[in-house]
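Subject: Handing over a structure

Dear colleague,

I am passing this structure on to you, and I would be grateful if you could look through it before reading my notes. The notes follow directly after it.

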Amino acid sequence: MTLPSRFQKEVHAHLSRNPQQAGPPLNLNESIASGKGKPYNPQQVQGCIKEILRKYSNGFWVSKLPQIYRELYKQDLPSEALKDLETWTHICTVEKTCSSNPSELLLYPAKEHTTLLSPSHFLNSNLTTSPPDTNPSSEKPTPQQRPPSTPLTHSSSQSSQSPPSSSSSPSPPSSPATLSPDLKQKLEELLVKYSNGLWAHALPKLFQDTYKTKLPGHVLENLDLLSDICTIDYPMPDNPKRAILYRRSSAGGGEDENCNRRSSSTSEEELRVRKEVGRRLSNQAVPFLQIPKEEYPSVLVIEATNTNGVLLRYIGEGYSQAQEAMEDEMREFYGSNQNHPTPLTSPSLGQLVAVRAEEEEEILRGQVCEVTPDKVKVYYVDHGFSEVVNRTKVFELHERFFKLPFQATKCKLAGLEPFCEETAVLKKFETMATGRILLAEILKQDASPLVVLYDTSQDDDLNINAACIKALQDKTLASPLQVNSAYMNVTVSSVCSDGTIYCQLPSRGLAKLNQILESIETYFHSQVTSEFLVSRPFCGKGCLARYKGRWSRVEISNLHGSRVLDILFIDVGVQASVEVFELREIPPQFLRELAAIPPQAVKCCLADLAVSVGSWTPEVVQWLREKVLNTTDCSMKVTKVDETKRCIYIHLFTDKNFHDPARSLNQQMAQSNLFKQQPDVILTSHSPTKVTTNPFSSKSSSSSDSTSSSPTSASVPAKLHPRRTLLGPGGGSITPTHPTETPSSLSSFLQLPPLIDLPPVGNNMDVFVSLACHPGHFVLQPWRDMYKLVVLMGEMILYYNKTEEKPVNVEKNQIYAAKIENNWHRVLVKGVLTNGLVSVYELDYGKHELVSCSQLRPLIKEFRQLPFQGIHAQLAGVKQSQWSEEASIVFRNHVEKKPLVAQLEAVQEAANPWDRKLTVFLVDTSQEEQDIWMHDIMTEFADEPSNEL
């Protein structure tokens, strides 16, 4: 989503998790269980619910209770019990999440007298409203507060809060003061498995699954009992029931392992050598290389003899640029006659030296590896290769050149660990990556970080890790395809909204795949499935998910924060959005066999049609789905193989009479009236995947069967964008809408969410600047509600990607949900173009985009509870009607995509929430020396002549 990835990963990874919710909540008064009105035993049901709440102590949606109850106790929850929940205050607490939406109800354990104070995010006593540092890898320094003309006051949003307590709830029972050694050991073992942190509410189920015994209830009631084996973090200040546990460092220092500080895996021998070298050379020590803070740093890949140790260099300021500056200085230092550099007479093993390279007249840092009477073998610590040079070219390394860390470092390629030494993998990597500058997505910060590499030099970003995995595929197991050949017993597994279809053909690979998946199904029935939870998802990762009640192979195609992601069922061509807890790792014993089987979904297009793929109407797509998705005995004839598009052009038949072209669906469609009237809207191959109901249910019920008749997919998987490609303007004329224009029917058309609560004028609020044009126009988001927006957008993805596409009557000045790239946004339609495109304004981010009207959906009530998060603002303290391009760039570089403190100067109210405008001072509190006030920076541009932007 448009929220910067570092905030998704470091803040919202914790704040947005809610694995219990899988769909819109239901109303308590709705009839859910089949036993409505039947008498039931309240004590028995209360006991069961109490046990469930012990498992899910952080709470869950009431709508999920019948399903959980049914899965645990193999019987339906009496519907009357749902109505009685609110009266069982000694068992549970029913809570509304939004006052304006009574259908959204959460269920928590009964409230206790104990009051838990949530941790504070205050930075210092002078400026309490500065945005909390969400990067655990950096200790944010306390800023120096500059006395402003109006003193900054405390932000109400930052005050510590405690949960309400119920006087009617019983006092908690006394708990043991310590944990038994056996229990402590088992909890430590669990925390080791989840090195990135474990939600406390997940402990009971994990403990039960792993050790076949219940976790004592007093552990969650008093998390302080775990303080000697883990660090306890409260990521949600307003909900102390949600805590994350991080295993303490085994070194005994009690340091939080979640901190992304670089730890060294350097061998003791290497440390000894470095220490000796440092002692000999004026006690100078070379600092360890720090991993770049950005999520996608550029890297130069040097070589790889093992994917667990890929040698690379970081590119950019502080890395390659600092290295070039140092080497320029070394060239000048050692080339100057006044320094009189003399060769080392007796270089020793491990010694750091300056080396005049053999091929080029460069002076490089090296480490002595081997010494002979006239030659020295050195390893260039900044370039990652070795060379044998004449001893006359080896010099003592001056102290000034010890300051820069060694630039050549190693990383591990995620997903390739089991195949790290496979010849096919290494050859593929050599061809695609060695010697090239790529982007590295850092999944885990470590001495050898875990990364995914991307080649962004082409139109489509290429996932290097995924491409290397595909090198293991056995081509003989692929579906056999030859031009002018006919194939029977074909299964059409998916029909996309653009007209692309996916087929399965009988083959050795398909037979072997079904056999392995059957074995996995049996294996999971006999094993603890929580052992195979996917704890670190990333794009291109292969794993398993449920499809039509069975485990199937999937590839993760896109991530939306930490909880929701897009997947592609590679053997049926269906793409969908799921929550991360629905995925499972492939058991190790099946991993190699599955990697060898190519995807069994063959991408096809119907040949000889006047209307090409991408121009099909929903009516045509639906007609084809009805014809083929319920047919088990299709046949097809291949007319052309397009290698560039990786697509097969076919004639498709619903029977075995492929000898008669007149019986093909191609001919039926060409002779029908389906393509007579074409709309202006063009559906591209990136059309959204639609699954009418959830195909990932573990039950093979009638709903699953109905799903199998109409699931559709995008013809290509959603693409990860390490660099975000902006949508350019399309053709056609647009009817402009004045920003202050108020449609008379807007209020009656949709119930709008409430306005964002603002602090009083003169007070501070923590904000995130999502968009900045110039000081006179930028867009703020309240920091305190950013995690709510992440959760909301995740729920929108799950909802809209699983609902059938329906035509929407698009009207100007109305509110909709719109799919922009891979996310669903709340938007305001600003104008409709003549070619079917729509100009929309993102109400939560402040951006203007062009989308196809086919990507719009009605914004349902559940998604109209959170206030629109984008607020227009202008900078206080400067007076300028127009800003030069240079001033705008300077301002943008200082504030856009950054957390800041805003001091509210004035509020300009408007009839519509998106027309509301604030006047604020902006303060950057991230610097150690002093706080930076933006109006001070922009004052020097205020009197410059400017051009209208």
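Which residue's side chain meets that of Arg 916 in a salt bridge? Its partner is Glu 909, and the two side chains come to 3.1 Å, N to O, where a salt bridge is taken to be a side-chain nitrogen of Lys or Arg within 4 Å of a carboxyl oxygen of Asp or Glu. Arg 916 is buried, with a relative accessible area of 9%, whereas Glu 909 counts as partly exposed at 48% (buried means under 20% relative accessible area, exposed over 50%, and partly exposed in between, with a 1.4 Å probe and protein chains only). Elsewhere, salt bridges that share partners join Asp 328, Arg 331 and Glu 362 into one network.

Before going further, please keep in mind that this is a predicted model, in which local features need pLDDT of at least 70 and side-chain atom pairs count only at pLDDT 80 or more, while totals for chains, interfaces and linings use all residues. Residues are numbered from 1 along each chain as its sequence is written, and side-chain values use heavy atoms, with hydrogens and water left out.

In total, the structure holds 20 salt bridges. One of them is formed by the side chains of Arg 365 and Asp 382, at 2.8 Å from N to O. This pair links distant parts of the chain, 17 residues apart, since Arg 365 is in strand S10 (residues 363-371) and Asp 382 is in the loop between strand S11 (375-380) and strand S12 (385-390); helices (H or I, at least four residues) and strands (E, at least two) are DSSP runs, numbered from the N terminus. Arg 365 counts as buried at 2% relative accessibility, and Asp 382 counts as buried at 0%.

Another salt bridge brings together the side chains of Glu 521 and Arg 546, at 2.7 Å from N to O. Glu 521 belongs to helix H12 (residues 508-526) and Arg 546 to strand S20 (residues 542-547), so this pair ties together parts that are 25 residues apart in sequence. Both Glu 521 and Arg 546 are buried.

Finally, there are two backbone details to look at. Glu 821, in the loop between strand S29 (815-820) and strand S30 (823-832), has a phi near 55°, a positive value in a residue other than glycine, and Glu 821 counts as partly exposed at 32% relative accessibility. Lys 897, which is not a glycine either, has a positive phi of about 60°; Lys 897 is found in the loop between helix H19 (885-895) and strand S35 (899-908), and at 26% relative accessibility Lys 897 counts as partly exposed.
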